[in-house]
Amino acid sequence: MFAQKINPFIVWVQANKKFIYFALISLFISCFLYLNYINWTSGSLCTGKRGIQYGYDAARYINGAERILTNEPFVEKENRYLGYILLIALNKTIGFDLSFVLLFQLIFASFASFTLYDLARLITKSRIIGILAAGVYLINPFIVQWHLFIHTESLYSSLLVISAWAIYKSTQVNTFNSYSVASLIVIYTALVRPNGWVVIPIFLCFIIGSQKVNLKIKLTSFVVVMFLFSLFIACFLIFNNRVKSVKTADLFMSGQVIWGHTELKVAMPKECCLGKNNSFSAIKYVFKHPVSVIKIGIIRIFTELFPLNRPYLSTKYILRFLFFMLPAYFFAVIGFLSFRRNRGVLILSSIIILHLCIIAITFSDQEFRFLIYILPLIYLLTAIGITPFLKKVLFLLQKN
């Protein structure tokens with residue numbers, strides 16, 4: 001009886017795939033526009049205030065744009081967010097107000113949804129999985145809430161998705177023009193936030209891996225890329241230590257898990273002779289206390305992925321967060337394991353892992369902003385992870 005009822009439904013679905021695709025895409029786009037509309041008119045997804053949203057770092061970006069327009073030097077950490085500051089400065093130069101920055105962010109988010117669709121489709125050979133990957137990204141309230149902020153979160157998370165897509169497409173096509181376009185995207189991503197610099201060695205490594213050359217040449221090239229990138233990071237740390245903007249070893253010794261929340265500190269070994277302002281002091285500390293460093297790194301990552309040990313969050317918020325995220329994490333792991341040899345999945349996983357490593361060696365964030373950067377990529381793996389289950393269900397239905 002069940003098979004008699006379900007078979008006509010399967011036949012109808014197969015005969016009306018285009019209509020179903022169109023209906024789903026229309027639904028997701030409508031929800032995306034509606035969520036941003038209610039957030040603009042009431043701020044119900046974030047602060048409860050209508051219009052443009054301003055976070056803690058908004059003044060840094062706005063003031064940085066003003067300094068560019070008045071030809072003044074940057075102060076403090078403004079140079080690390082040059083890509084975003086340039087976007088604001090461009091809007092001001094044209095004569096637009098800050099609301100047009102939000103419009104740009106929505107445009108980038110829309111294009112990122114297309115790249116999510118295309119990546120999922122290419123990896124799984126399934127359009128419906130591609131639509132699902134794009135749709136979940138568009139309607140997820142934890143992501144949508146940042147589109148109306150004068151903050152790097154929306155633009156940077158969109159650019160990470162676009163970068164992953166550009167890296168994958170360019171290494172598939174393997175032409176000078178494709179690599180040139182991908183390079184521009186990756187470089188701009190690196191300029192929006194300092195975290196973005198990790199995408200550059202990922203891009204270079206996958207370019208090397210896609211070339212049909214001797215294995216020894218590939219391995220040598222990998223080593224050279226990682227050495228040069230490590231040298232760049234060392235020079236960057238030396239520069240920042242000179243201007244006293246960061247204290248690398250202190251991030252470990254402080255035991256701080258979430259920035260600004262001392263109640264969640266982890267007891268860490270103290271070292272008085274490392275030289276906190278020495279760029280290599282953190283490396284010395286890691287070698288002297290590897291177990292403690294690994295422990296606090298894992299706690300920081302866990303704290304970013306799960307809100308369980310955050311006393312300032314309500315039970316309602318935690319339950320809503322877990323409702324969205326636990327299934328996502330589960331299927332993301334399935335997606336990685338099922339397609340782990342696929343180049344696209346390896347690119348996604350590399351970007352996610354390196355961003356988690358940054359959290360491990362620095363700190364977690366009270367607003368889950370660091371998770372927002374990689375959340376679209378996690379959801380892409382989630383959609384990919386649904387593929388084996390979907391195929392199994394369709395097989396059983398057709399068999400019955």
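Author: Start with one term. Two residues are in contact when heavy atoms of theirs lie within 4.5 Å. Keep in mind that this is a predicted model.

Now take Tyr 84. Set aside its neighbours within four places in sequence. Tyr 84 then touches Tyr 61, Val 101, Gln 105, Phe 149, Ile 150, His 151, Thr 152, Leu 155, Leu 191 and Val 192. Tyr 84 also belongs to the largest nonpolar core, which has 94 residues. Which members of this core touch the most others? They are Tyr 84, Ile 150, Leu 348 and Leu 371. In soluble globular proteins, nonpolar side chains tend to be buried together.

Step back to the whole chain. The protein has 17 helices and zero strands. Of its 400 residues, 48% count as buried. Residues 24 or more positions apart make 70% of them.

Glu 153 and Arg 369 form a salt bridge, at 3.4 Å from N to O. Glu 153 lies in helix H8 (residues 152-173), and Arg 369 lies in helix H17 (residues 369-399). The two are 216 residues apart, so the pair links distant parts of the chain. Both Glu 153 and Arg 369 are buried. Their bridge is part of something wider. Salt bridges with shared partners join Asp 57, Arg 60, Glu 153, Arg 193, Asp 365 and Arg 369 into one network. Within it, Asp 57 pairs with Arg 60, with the closest N and O atoms 4.0 Å apart. Is Asp 57 buried or exposed? It counts as buried, because its relative accessibility is 16% and the cut-off is under 20%.

In total, the protein has nine salt bridges. Another of them joins Arg 121 and Asp 118, with 2.5 Å between the closest N and O atoms. Both sit in helix H5 (residues 99-124), three residues apart, so about one helical turn separates them. Asp 118 is buried, at 5% relative accessibility. Arg 121 is partly exposed, at 26%.

H5 also reaches a surface feature. Leu 90, Ile 94, Phe 96, Phe 100, Leu 103 and Ile 107 form a nonpolar patch on the surface. Together they have about 510 Å² of accessible area. Helix H4 (82-94) and H5 each give two or more residues to this patch. H5 gives the most, with three. Phe 100 is found in H5. It is partly exposed, at 31% relative accessible area. For scale, the whole protein exposes about 20,400 Å², and carbon and sulfur atoms supply 70% of that.

How far can you trust the picture? The mean pLDDT is 85, and 88% of residues reach 70 or more. Residues 241-246 are below 50. That stretch still has 13 contacts in the model beyond near neighbours in sequence. Where pLDDT is low, the predicted coordinates should not be read in detail.

How values were computed. Residues are numbered from 1 along each chain as its sequence is written. This is a predicted model: local features need pLDDT of at least 70, side-chain atom pairs count only at pLDDT 80 or more; totals for chains, interfaces and linings use all residues. Side-chain values use heavy atoms; hydrogens and water are left out. A salt bridge is a side-chain nitrogen of Lys or Arg within 4 Å of a carboxyl oxygen of Asp or Glu. Buried means under 20% relative accessible area, exposed over 50%, partly exposed in between (1.4 Å probe, protein chains only). Helices (H or I, at least four residues) and strands (E, at least two) are DSSP runs, numbered from the N terminus. pLDDT is the predictor's confidence in each residue, from 0 to 100. Patches are made of residues with over 30% relative accessible area and no salt bridge: like charges are joined within 9 Å, nonpolar side chains (Val, Leu, Ile, Met, Phe, Trp, Tyr) within 5 Å. Accessible areas come from the Shrake-Rupley method with a 1.4 Å probe; for residues, only the protein chains shown count as cover. A nonpolar core is a set of buried Ala, Val, Leu, Ile, Met, Phe, Trp, Tyr and Cys residues joined through side-chain atoms within 4.5 Å.
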